[in-house]
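Subject: A structure for you to explore

Hi there,

Here is the structure I promised to pass on. Have a look at it first, and then read my notes below.

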Amino acid sequence: MARRSFSLFKALTKTTTSFSLTPIPVSRSVTYMPRPGDGTPRAVTLIPGDGIGPLVTNAVEQVMQAMHAPIYFEKYEVHGDMNRIPEEVIESIKKNKVCLKGGLRTPVGGGVSSLNVSLRKELDLYASLVNCFNLPGLPTRHENVDIVVIRENTEGEYAGLEHEVVPGVVESLKVITKFCSERIAKYAFEYAYLNNRKTVTAVHKANIMKLADGLFLESCREVAKKYPSIKYTEIIVDNCCMQLVSKPEQFDVMVTPNLYGNLVANTAAGIAGGTGVMPGGNVGADYAVFEQGASAGNVGKEKMVEQKKANPVALLLSSAMLLRHLQFPSFADRLETAVKRVISEGKCRTKDLGGDSTTQEVVDAVIAHLD
């Protein structure tokens with residue numbers, strides 16, 4: 001279990017001041033002892049977002065309140081059809097340094113920019129991390145899957161440098177820099193070192209994109225030399241996808257350029273149990289934004305929203321990562337344990353996991369399992 005600690009931002013957290021928490025209700029079966037780091041309540045910016053976003057973020061709010069987590073939310077309405085993220089939202093995140101968000105709907109085509117991408121660029125959240133792993137009690141085709149996909153978040157095809165050269169001809173630039181490639185590689189190796197991971201695999205297409213992906217690969221190789229205790233491997237992205245669906249247990253930590261990482265993370269999430277249960281977050285030197293790890297269908301279908309049957313597990317586990325980032329590990333442990341118990345029992349599952357439970361029924365079950 002130590003490997004699955006969700007300590008996404010361990011190297012970047014700061015010490016908080018400790019103080020005595022209010023007495024814990026005697027109904028708990030185990031005596032609860034606050035761990036070092038439990039302390040002053042912290043403000044967290046909350047963006048419910050579009051589609052299922054308000055449902056699953058409300059689930060997090062209920063669970064946090066039920067276990068008296070030392071955080072409080074500053075909520076802002078942001079929607080994917082806005083021209084830009086309101087300045088007061090950016091200011092709130094910069095002040096609080098941490099944010100929890102639901103998905104923001106991105107219109108397909110039409111030249112409209114994704115606010116999800118804009119937020120990462122605005123705050124320089126250069127590393128995206130998605131943890132894809134088997135949950136006990138949730139049957140999947142493959143066992144022993146425990147993959148961490150670390151994706152460069154600011155450049156590549158997502159740089160958004162496109163223009164129409166002449167009518168009917170569009171030029172889209174893929175930007176790869178040594179600076180960004182080195183810092184994402186360093187983040188991946190630091191993550192592996194801090195979390196007792198054994199292997200880092202660089203995903204690339206340098207056999208075709210010899211300059212762009214070649215630079216990314218060269219940067220990974222240079223950083224790898226500084227971590228002799230961690231095995232370093234490389235794999236071409238098309239072979240990577242084939243290997244993922246045939247033998248995913250061979251992968252540990254994967255570091256990727258922007259576009260490949262999006263594809264690899266969603267593939268790995270599907271293999272390990274679905275996008276509804278995979279946590280993730282985006283981190284920069286100063287700020288962190290936590291959201292559902294894999295983005296496929298992250299705003300959900302209208303029917304799912306109407307029936308209120310969205311799966312809150314992914315965002316609940318992402319909020320556990322948030323708690324650990326804020327140095328409240330005991331609360332993170334309690335939340336993760338409760339969620340895993342609910343999944344393991346199998347009585348309360350949403351449609352994507354083979355059940356018919358509502359979001360609220362899953363939330364009630366998680367709260368009932370809090371120690």
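**What I found**

Ser219 sits in helix H5. Leaving out residues up to four places away in sequence, Ser219 touches Lys178, Ser181, Glu182 and Ala185; contact here means heavy atoms within 4.5 Å.

Two notes on the source before we go on. This is a predicted model, in which local features need pLDDT of at least 70 and side-chain atom pairs count only at pLDDT 80 or more, while totals for chains, interfaces and linings use all residues. Residues are numbered from 1 along each chain as its sequence is written, and side-chain values use heavy atoms, with hydrogens and water left out.

**The chain as a whole**

The protein chain has 11 helices and 12 strands. Helices (H or I, at least four residues) and strands (E, at least two) are DSSP runs, numbered from the N terminus. Of the 371 residues in the protein chain, 54% are buried. Among contacts between residues at least 6 apart in sequence, 76% join residues at least 24 apart.

How many residues of strand E8 (residues 199-204) are buried? Six of its six are. In a regular strand, side chains alternate between the two faces of the sheet. In E8 both faces are covered, with Thr199, Thr201 and Val203 buried on one side and Val200, Ala202 and His204 buried on the other.

E8 runs parallel to strand E9 (residues 231-236), and six bridges join them; two strands pair if DSSP finds at least two bridges between them. Within this pairing, Val200 stands opposite Tyr232 in E9. E8, helix H5 (residues 212-224) and E9 together make a right-handed β-α-β unit. Right-handed means that, with the strands pointing away from the viewer, the path from the first strand over the helix to the second runs clockwise.

Ser128 stands opposite Arg151 in E5.

**The nonpolar cores**

A nonpolar core is a set of buried Ala, Val, Leu, Ile, Met, Phe, Trp, Tyr and Cys residues joined through side-chain atoms within 4.5 Å. The largest one has 92 residues, and those with the most contacts inside it are Ile71, Ile150, Leu323, Leu335 and Val366. Its largest share, eight residues, comes from helix H9 (residues 313-325). This core draws at least three residues from each of domain 1 (40-129 + 277-370) and domain 2 (141-272), with bounds that come from an automatic or database domain assignment. Apart from it lies another core, of 14 residues, among them Ile93, Leu104, Leu119 and Tyr287.

Helix H1 (residues 53-66) has 14 residues and reaches 20 Å from its first C-alpha to its last, close to the 20 Å expected; the expected span is 1.5 Å times one less than the number of residues. Among its buried residues are Leu55, Val56 and Val60.

Most residues other than glycine have a negative phi. Which residue with a positive phi follows H1? His68 does, with a phi near 55°. His68 lies in the loop between H1 and strand E2 (71-75) and is exposed, with a relative accessible area of 51%. Asp124 also has a positive phi, of about 50°, although it is not a glycine. Asp124 is in the loop between helix H3 (115-122) and E4 and is partly exposed, at 33%.

Enjoy exploring!

Best wishes

Technical notes
Buried means under 20% relative accessible area, exposed over 50%, partly exposed in between (1.4 Å probe, protein chains only).
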